[in-house]
Amino acid sequence: MIPSTNPFRARASEQLQDDFSFVHTFGPQATHWLPDPPWDRLLVLRSAPGAGKTSLMRLMEIDTLRYLHRIGDPGDALWVSLNEMGVLTDDGPAFLGLRVDLSKGYRSLLDIESDHERSRRLLFRLVDARVVSSYLRACLSVGGDRLPEGLERLELRPVEDAPAAEAVLSRFGDTTGTALWEWAAASERQILDAMDSLTPADAAATYEGHAGLYSLRLLAVTNVFFDGEPIELTPLVMFDDGHALAREQREDLIRELTARDTGIPRWYAERYEALEPEELLSVIGTPGRDYELVVLEEDARRGSVRGDRRGRARADRALTRQKYEAMLMDIANRRAGRWLDRYSHERREFVELLSVELDELLGDAPQRVHEAVRKQLYEAAGGEKRYERWLEPPGGDSLYERTIELRAREIIIHRDRARSQLELFDSALPAEELGSRTDSRVREAAAVALAKEHGLPYYVGPDDLARLGSYNIEQFLRLCGDLFADMLVDISLGRSARMSARRQSRIVTDSSVRLWREINERVPGGGHVQRFIRAIAAMARDENDSPRVSYAPGVTGTALSTADQERLLDPGVREEMPGAQKLFQAIVEAVRHNLIWVEDDRPVKSDRYMVIYLNRLLCPLFDLPLGRGGFREKPLETMCEWMEDPPRPIATRDQAQQLALSP
Amino acid sequence: MILEWEPYVLDRGEDVPKLWEAASGSHDEVWIVVGAGFDPRCPVAVEKLSDEIAPKGVTVVEIELPSADESLREAALLNRDRVRTAAAEVHELAFPKVSGRLRAGRQLGIDLLKLLPQECLLVIDVSALPSDLFFPIIASVIASYENGAFDGDLQVAAAENPALDAAIHDEGIAEVGAIAGFINQLGYEARTERTMIWAPVVGEGAGAALRAIYDLLEPHEVTPVLPFPSRNPRRADELLLEHRDLLIDEFQIDSGSIIYASEANPFDLYRTLRRLRRDYESALAPIGGANVVLSTHSSKLLSVGALLAAYRDEMPVVAAVPDRYDFDATDAAVLEREATLSLMWLTGEPYRP
């Protein structure tokens, strides 16, 4: 068979209508982000773009859960996880999940109704129409019928003793499936046709609205029957892409969703936005008490589990960095497995095909590189007695490990020289002293330096692939796609699919260059964003190219104090300070497009900072390490100057990098 | 009255003034709508129209466009001066304050209708207007004609120059979504499932926009429209090569999905798209029907063909609005001289029974 499908690129096969592909490529560990039901408070999901919140919601939709129950393997990790949570039982799904996409037309309501109160009412009416139509659609799915014929088999009846049930029901009139559907369709059409009208007469009409979200109350005070039989599933209403609403619309909606008398589980998801003047959720109270907040990938980014997980996912299920990376590997293997087997009867998993022998990282002339590093170390030692024990041959199973050890020693020697204390006697430092000063971060810094100095492959192997995803599953899959595309070439030539270190490194660098170039193509204010990123990279390179590498494994970010952040948020300051408006826009857009990630309110020394890290996939372009590494705080004035000064040249070793970074 | 544009009126180059002469004779007033921007083609139609209908005088409606970069502001001011020199009267339409860029064209169309006399020759010059703005503006006038509120002759002018199109680069994507006025049933959720077919009219440099629109729509099928015949006979091949990764690897189209429409005749595209929609509706009727969604990434002229098809058959149109433009203004005078003016006559005299 001629290999032609790249499972990481073929968007058609990952479309949401393909339950098989979705379920079989979903990393079950992602469910660990969620707290267990009953979800009696509003659950807010927040993440950077591409982190997977929509996929998580899709998992909870009734069609997916039914599919899983129907064909799933109770021994499968996803099945087990959902079963443990109480979402999927042996008898079937426990929840009737439906998703409402808030990016579809709601913001435009502001153009047909400028009065806030009337606009709010229209918003709720449109949301109600869509909740009702989605609910009916989900119920039909459970009943095994379809639109529109099946509607007449559905009916909502009030729960006995439910408070205010009759009042709620009276707002909708007839509660048969057909009547409710017609009500929803008519409401939606009236509002959307108004937004789409082209002539002045149509545009001047006014419309009725709703004072609150009646649909959620309807679902709370009724049971639904299909052919007279109850559908005994708890409705779960999930609102996605809340950031697409205008600020006042988001506030109105989440206030309404927080109300305790809503009575049914509801989720709200939005993208993380940097430099918001005020935390949106502050209008609805306190996390843990009034709502639950889950920031996806937070634990993985921080590298630890937050202590304040009251009511949230159990700490033992927390998605730490290791588990997150394992989840990514799992997703990659699931995606590629079927195709590797089909095209080449390859039994090894995709991730395994990227594993390399360490000595490959020394390139084509490993011994020569090793000798050069050893010579460099001797030169750094300068014949001083102090360092003579540090020149003894290192241990290590592979030549690469021994070479890294030598290069790391060179860093330690430079650091030692910079120490202010003067030793009275020039005595040799013991070998144990070396051991205590050399850790994994120094070794990683040594590896970066070695690769740069000798033009060696560096961004190689499954661990680096996971880190290059930068906590963005879409980015990770795209990078896998680039690697898989190269594998397809070998497969079609009848060669092994295993990929050498040098090829992997080249592909990763090309992907990094492409991400950089795409900034101008797809990001608003892309020029400013590139300038900002470039300035961070230039600063990082200055630090990392120092022989001491003070912030091992290397600087990959910067930080702005909380006080400076507040100044930047002030429109008056932005108008006065040259570069401030460009900086503001650059940070906002860079976060929106996942080119940087931000850790708010981080304690540093005696102050608190917003720490800004580069997207890991940009690091190869600038020869920066991938480890979480260090950052250098900079005052607002300096960052504003970055936006005004001409871009600084950055020395690179690869032609593609040079072309990408040339002005 | 419902307009079908069968037959149609289209002319170009030296024949354009004849259409103006024919149309303006029965009207006291001649109006032209232009986008007041940096594009060197901005003053071309106004100046030619003003020469042709002198001494009658042309009333210009100048649409304020979102602020250009500093580097392009001077070019925009020069264009504005030339437009005002050719005009007998000028009305400025401010860029509206709306919730998103894709809502602006609809509001501009409504604002234009409030200004227009009931009868006149109205020329909408799309040469320097982005498609997300001129689509709803033109549609507003056609709708107004069909419901009897406007009784004039509408013509659409486009100064075409592929070399200039290639010199103006879109940068960044500010917004992606359906153009207001052309949302149609794309926004409806309370309806039966329909297969979504996306037909992008492909052009050079459209990769980022195509990807953004695909991510938005998640269509069941993609049927790209390529320009053929074309001034450059290899243009369709070159476009396929340029967008190969996207169209073939990611969108997984096959050669049978590709549609061709003449680069020079928007009415050919108009007919082709209407036929595409009918064919899909018919083929997919047993499983709920099809929703054909359009987007245009090619020349202004061709875009008007898509506009007419979308308007007539209520097809949604989506767009990815660029954040800014990059344009090297050197040699603009030469580039402008090489532009060919085309004119489509859409309402009024040719279509009266």
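I start with one side-chain pair: R271(A) and E273(A) are joined by a polar contact of 3.0 Å. By polar contact I mean a pair of N or O atoms within 3.5 Å; within protein, one must be able to donate a hydrogen and the other to accept it, and residues adjacent in sequence count only if both atoms are side-chain atoms.

The model is predicted: local features need pLDDT of at least 70, side-chain atom pairs count only at pLDDT 80 or more, and totals for chains, interfaces and linings use all residues. Residues are numbered from 1 along each chain as its sequence is written, chains are lettered from A and ligands numbered from 1 in the order in which they are written, and side-chain values use heavy atoms, with hydrogens and water left out.

Back to R271(A). This residue lies in strand β9 of chain A, residues 266–271; helices (H or I, at least four residues) and strands (E, at least two) are DSSP runs, numbered from the N terminus. Beyond its neighbours within four places in sequence, R271(A) is in contact, meaning heavy atoms within 4.5 Å, with R46(A), S47(A), P49(A), K53(A), H243(A) and R592(A).

Now the whole chain. Chain A has 26 helices and 14 strands. Its radius of gyration, taken over C-alpha atoms, is 29 Å, close to the 26 Å from the globule rule for 663 residues, so chain A is as compact as a globular protein of that length. That rule is 2.2 Å times the number of residues to the power 0.38. The C-alpha trace of chain A spans about 95 × 65 × 45 Å along its principal axes. Of the contacts in chain A with a separation of 6 or more, 76% are between residues 24 or more positions apart.

Next, the interface. How many residues of chain A are in contact with chain B? The number is 44, and they meet 42 residues of chain B. About 3600 Å² is buried between the two chains, with carbon and sulfur atoms giving 46%; buried area is the accessible area (1.4 Å probe) that two parts lose on being put together, summed over both.

The rule finds three salt bridges across this interface, a salt bridge being a side-chain nitrogen of Lys or Arg within 4 Å of a carboxyl oxygen of Asp or Glu. One of them joins E189(B) and K104(A), with the closest N and O atoms 4.0 Å apart. There are also 25 residue pairs in polar contact across the interface, both residues at pLDDT 80 or more.
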